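Trainee: I am new to this one. Could you walk me through it, a question at a time?

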Amino acid sequence: MSTEEKTSIPVCPASELSRGERRIIEHEGEPIAVFNCDGDLLAIEDRCSHDDGPLAEGNWNPEECTVECPRHGSIFDLHTGRPKTLPAFQPVRTFTVEIIDDTITLEV
Ligand code: FES
């Protein structure tokens with residue numbers, strides 16, 4: 001059984017990430033992207049599982065909650081972190097996002 005402790009880190013005030021917006025932060029040198037998909041707050045690691053592409057810099061679709069890797073075009077589901085199209089076939093990490101005292105917070 002894992003005894004790994006989770007840490008909460010602040011991202012930004014909730015009012016600063018409106019529907020259809022995204023924000024990239026860094027935690028211990030790892031980029032993490034937070035998306036507001038039509039009201040759902042979702043976060044994934046900002047590194048493609050195929051070839052380390054800067055995933056969150058690609059086009060994304062707030063209605064479908066997907067992002068397209070700018071390097072080779074795999075489309076990822078932001079809810080699950082799983083790729084829906086090749087060439088990527090491994091999921092990326094996802095993170096729990098909460099609003100605590102009007103601040104968007106990530107569990108890492
Ligand atoms: S690096 Fe993302 S699809 Fe290749």
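Mentor: Gladly! Arg23 sits in strand β2, residues 22-27; strands (E, at least two residues) are DSSP runs, numbered from the N terminus, as are helices (H or I, at least four). Residues are numbered from 1 along each chain as its sequence is written. The model is predicted, so local features need pLDDT of at least 70 and side-chain atom pairs count only at pLDDT 80 or more, while totals for chains, interfaces and linings use all residues.

Trainee: Is Arg23 buried, exposed or partly exposed, and why?

Mentor: A residue is buried if 20 or more other C-beta atoms, placed from the backbone, lie within 10 Å of its own, exposed if 12 or fewer, and partly exposed in between. Arg23 has 16 C-beta neighbours inside 10 Å, so Arg23 counts as partly exposed.

Trainee: Leaving aside neighbours within four places in sequence, which residues is Arg23 in contact with?

Mentor: Contact means C-beta atoms, placed from the backbone, within 7 Å. Beyond the neighbours within four places in sequence, the contacts of Arg23 are Val11, Cys12, Leu17 and Val34.

Trainee: In β8, which residue is the bridge partner of Ala43?

Mentor: Strands pair if DSSP finds at least two bridges between them. Two bridges join β4 to β8 (residues 94-100), and these strands run antiparallel. In β8, the partner of Ala43 is Phe95.

Definitions and conventions
Contact = placed C-beta atoms within 7 Å.
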